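Here are my notes on the model, for you to read beside the coordinates. Please check each point against your own view.

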Amino acid sequence: MAPMKLYGAVMSWNPFGQVPALQDGDLYLFESRAICKYAARKNKPELLREGNLEEAAMVDVWIEVEANQYTAALNPILFQVLISPMLGGTTDQKVVDENLEKLKKVLEVYEARLTKCKYLAGDFLSLADLNHVSVTLCLFATPYASVLDAYPHVKAWWSGLMERPSVQKVAALMKPSA
């Protein structure tokens, strides 16, 4: 079987005209979390814990939390601080401050969860944890990276993720080229 191809420029594969899109043989997928789940099922199914109904449910819960709480609070910050200036705009500090407060409330929930287990879905690494990597790496490219400092269990969880060779590879790929 041919390797999977992830395309950022082939917007015709996504009916919403957005990226990313993935081709794997005759299969075309869009939506980043669907692509991640597919890649995990194909290559590293243990990241989804589908052999255990309760563990799989917790992975699903924390994937949803990542998308609808964590990333939803971070994206406006990242846009205001990183993207808007690149497009010639200015940072709307009010938007940044409002979303930092939202992010702190999310991090309070994460802190409580991570006092009970090593990873978000339980005492096992899952796709729920790994789905945080790219957006959190972007956070560290802003002046607001220190927001994690107030949450020792969250900071330890993140540090543990950053020690993983696979996460280090992603981080290296995300570094801007000179």
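The points below run from the whole chain to single residues.

1. Basis. This is a predicted model, in which local features need pLDDT of at least 70 and side-chain atom pairs count only at pLDDT 80 or more, while totals for chains, interfaces and linings use all residues. Numbering starts from 1 along each chain as its sequence is written, and side-chain values use heavy atoms, without hydrogens or water.

2. Elements. The chain has seven helices and three strands. Their order along the sequence is β-β-β-α-α-α-α-α-α-α. The elements are DSSP runs, numbered from the N terminus: helices are H or I with at least four residues, strands are E with at least two.

3. Overall size. Along the principal axes, the C-alpha atoms fill a box of roughly 50 × 45 × 30 Å.

4. Surface and contacts. Buried residues make up 37% of the 178. Buried means under 20% relative accessible area, exposed over 50%, and partly exposed in between (1.4 Å probe, protein chains only). Of the contacts with a separation of 6 or more, 53% join residues 24 or more positions apart. Contact means heavy atoms within 4.5 Å.

5. Helix α3 against helix α6. The axes of α3 (residues 93–114) and α6 (residues 152–162) come within 7 Å and cross at roughly 75°. That makes α3 roughly perpendicular to α6. Angles of 65 to 115 degrees count as roughly perpendicular, under 35 as roughly parallel, over 145 as roughly antiparallel, and the rest as oblique. Axes are lines fitted to C-alpha atoms, for helices over the stretch in contact, with angles from 0 to 180 degrees between N-to-C directions. On the α3 side the contact uses Leu-107, Tyr-110, Glu-111 and Leu-114; on the α6 side, Pro-152, His-153, Val-154 and Trp-157. Six of the contact residues are nonpolar, one is polar and one is charged. Nonpolar covers Ala, Val, Leu, Ile, Met, Phe, Trp, Tyr, Cys and Pro; charged covers Asp, Glu, Lys and Arg; the others, Gly among them, are polar.

6. Glu-66. This residue sits in helix α2. Glu-66 is buried, at 2% relative accessibility. Beyond four places in sequence, Glu-66 touches Arg-33, Thr-71, Ala-72, Tyr-110, Asn-131 and His-132.

7. Val-96. Helix α3 holds this residue. Its relative accessibility is 0%, so Val-96 counts as buried. Not counting residues up to four places away, its contacts are Ile-77, Gln-80, Val-81, Thr-91 and Tyr-144.

8. Ser-84. This one lies in α2 (residues 53–86). Ser-84 is buried, at 9% relative accessibility.

9. Backbone points to check. Most residues other than glycine have a negative phi. Glu-31, not a glycine, has a positive phi of about 80°. Glu-31 is in the loop between β3 (27–30) and α1 (32–43), and is partly exposed at 41%. Arg-49, also not a glycine, has a positive phi of about 55°. Arg-49 is in the loop between α1 and α2, and is partly exposed at 26%.
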